[in-house]
Amino acid sequence: MNIDEIEEKLGRFQPSKVFPRRMIFERHVIPVDESDRKITVVASDPHDPTIAGMLTYIMQKEIAWVQVDEKNILKLIKDHYGVGADTLHAMLDQEEWQELGESDRFGDEDLNESETSIVRFVNQVIREAHHERATDIHFEPMENSLRIRYRVDGVLHQVPLSADAKRFENAIISRIKVMSSMDIAERRLPQDGRLQVRIEGEDLDVRVSTIPTAHGESVSLRLLTRQSVVIGLDNIGFTQANQGNLQKMIQHPHGIILLTGPTGCGKSTTLYACLSEINEDEIRIVTIEDPIEYKLAGVNQIQVRPDIDLNFAKGLRHILRQDPDVIMVGEIRDYETAEIAIRASLTGHLVFSTLHTNDAAGAITRLLDMGVEPFLVSSSLNLVIAQRLVRMVCPHCAEIVDPPRILSESEQKFLQSCLENFQFKRGVGCESCSKLGYLGRSAIHEFMMMSDAIRPMVLGRSSSSTIRDTAMAEGMLTLRQDGLLKAAHGITTVEEVIRVTEEGD
C-alpha cells in the first residue's frame, strides 16, 4: 500500500471509538481500515512489541501492519487530524477528568499543564506556518468552529484543524494576546502588538492585530524574518532594461522615486533593495517607516509612533534637519506628507516612498487629488514603479506545456513581437511545493519614467489613462505585459499573471 492509497483510505475511514487516540499522537500509529476481525494500522515501527501487544489487547482484533517512514506518518497525522492535534487531545483529556469530578486529583499541577498545552499549541501553529513559508497566520472564529489560515506566496490556505479547537478558542487567543503584551480583558476594541520568537535558530518578528467580530476576536499574525538578508536588485525580477533605468535613477542627487501597488506586493522589499544599492559611507540615509520591517546596517531608521504623535509628516520635518542625502518615507498617506516629501526632493534630496494606486500613471492623479500642485509633481517626480507579486513555477516539478489558449490575440501578437521562442511551464505538484505547483514569488513591474512628453501632461492635469497611453507609446511595458514575458520564459504561468493583473493591463 503506497502513501497515496493510504491517504485515500484515511480520507473516508472513520476509526472505531474504541481505538485509543492517544496512541495516534504519542506512538504515531494510524488506523486506516477496519473489519469485524481485522484492523489495518499504519506505523513507522510495526515491530515494536509494546505497541502491538497493547493494540491487540484493546481492539481484540488481528492487527495488519503497514510500514511507512516517520516523516510521512507525521504528515498524515497533521493532514487528517489537524495541526496541533496531539496538544488539543491532551487538553480534551484534562477536560474529561474534570467532567468526571476528578479534577481535585490534579490540583495546581493540572492547571499548569493545561496552560502549558495552550502555549505548546500556539507555538506549534507558528512553527508550522514558518515551515510552510507563510507570511501571515489568521485565527478566525466561525459560528461553530475556529478556522486557521496561512498565506503562502500571497494565497490563503486553510489549515487542517480538529473541530475540538473551538472549545479552546478563548484560551488560544488569550495566549497570543499575552505573548504580544495586549490587554487580555479587552475584547470589544481592536488591538495591535508584536512579539519575537526563535524557530530553528532563526529570529522572527511577529506583528499581531486583533479585531472584534460577530463570533469572537479575529487575530492576524504577520511573520517577519529578522535575519533575512535584504535581496539585491538582481533578485527582484526586473527586466534588464528596467533594472538599468532604476540603477541610473537611484544615483540621481535629488528627485522622487515612487513605488505603487496594494498591501503585500513587495514595495518595501524593493525599496530596501534600492537603499542597499546606494548605502555607502559617503551617503547619509534616513528613513521613517511603519513598521520597520528589516534593519539595515548604516541606515538611520525611525519607527512611526501614533501614540506620541510621531507621524510621517512630523518625522519627515525633523529628518530634514538631520542633513540627509537620501530619505525614505514608508508611505505617502496625506497632503502634508506629500508636500514635505516633494519639497525635500526639490531642495537636493533623493526621496523614496510608496503610494497605494493600481498602476504607475495613477500615482500622478493620486498626488493631484491630495492637493499637490501640478508644477511640484512635474518638477520633482523622476520615476514611478507599479509592482505586483506572482507565484513562480516550482523548479522541482516543472514541465513544459503548450501556449495556453486563454491568451488573447493581442497578447499572442505582443509575445511574438518580443520573443522568438516560448517556453511555458507548469508545476505538476510535489513535496517541495506542497502539491501546489508553485514555489516562491517574483515581481512584475510597470516602469513610468517622467519624460519631456509626460511633464506637460501633468501640468495640464491630463487623465491617468492619457498619461498611461503616452508612456506605453514611449516603450513602457504594462504589468500584464511584463508578467506574460515572465510566463513565456517559464518563470510563472499565464493563469497566475491574469490572477494578479487587471484586464486593462
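A salt bridge is taken here as a side-chain nitrogen of Lys or Arg lying within 4 Å of a carboxyl oxygen of Asp or Glu. The model is a predicted one, in which local features need pLDDT of at least 70 and side-chain atom pairs count only at pLDDT 80 or more, whereas totals for chains, interfaces and linings use all residues. Residues are numbered from 1 along each chain as its sequence is written, and side-chain values use heavy atoms, with hydrogens and water left out.

The structure holds 23 salt bridges. One of them joins Asp-309 to Lys-314, with the closest N and O atoms 2.9 Å apart. Burial is described by relative accessible area, buried meaning under 20%, exposed over 50% and partly exposed in between, with a 1.4 Å probe and protein chains only. Asp-309 counts as partly exposed, at 43% relative accessibility, and Lys-314 is likewise partly exposed, with a relative accessible area of 31%. In another pair, the side chains of Glu-186 and Arg-188 meet at 3.3 Å, N to O; Glu-186 is buried at 16%, while Arg-188, at 68%, counts as exposed. Glu-140, Arg-147 and Arg-149 are linked in a network of salt bridges.

Helices (H or I, at least four residues) and strands (E, at least two) are DSSP runs, numbered from the N terminus, and two strands are said to pair if DSSP finds at least two bridges between them. An open sheet of six strands, with antiparallel pairing, has the order 6-5-4-9-8-7. Strand 6 (155-158) and strand 7 (191-199) stand at the edges, and because each has a single partner strand, one side of each is left without a neighbour in the sheet. Neighbouring strands of this sheet are turned by 25° against each other on average, direction ignored, where axes are lines fitted to C-alpha atoms, for helices over the stretch in contact, and angles run from 0 to 180 degrees between N-to-C directions. Within the sheet, strand 8 (residues 202-213) and strand 9 (residues 216-225) run antiparallel and are joined by 10 bridges, with Val-208 standing opposite Leu-221 in strand 9.

Helix 7 (residues 169-179) packs on the sheet, touching strand 4 (134-141), strand 5 (146-152), strand 7, strand 8 and strand 9, and its direction makes about 45° with that of strand 9; contact here means heavy atoms within 4.5 Å. A salt bridge between Glu-217 and Lys-177, with the closest N and O atoms 3.0 Å apart, links distant parts of the chain, since Glu-217 lies in strand 9 and Lys-177 in helix 7, 40 residues apart. Both Glu-217 and Lys-177 are buried.

Strand 11 (residues 285-289) has five of its five residues buried, so it is largely enclosed by the rest of the structure. Both of its faces are covered, with Ile-285, Thr-287 and Glu-289 buried on one side and Val-286 and Ile-288 on the other. Strand 11 pairs in the parallel sense over four bridges with strand 13 (residues 326-329), where Ile-285 stands opposite Val-326. Strand 11 also pairs in the parallel sense over four bridges with strand 12 (residues 300-303), in which Gln-301 is the bridge partner of Thr-287.

In helix 11 (335-346), the buried residues include Ile-340, Ala-341 and Ala-344. Among the elements that cover the buried residues of helix 11 are strand 13 and helix 12 (361-370). Just after helix 11, Gly-348 takes a positive phi of about 100°.

How values were computed
Expected span 1.5 Å × (residues − 1).
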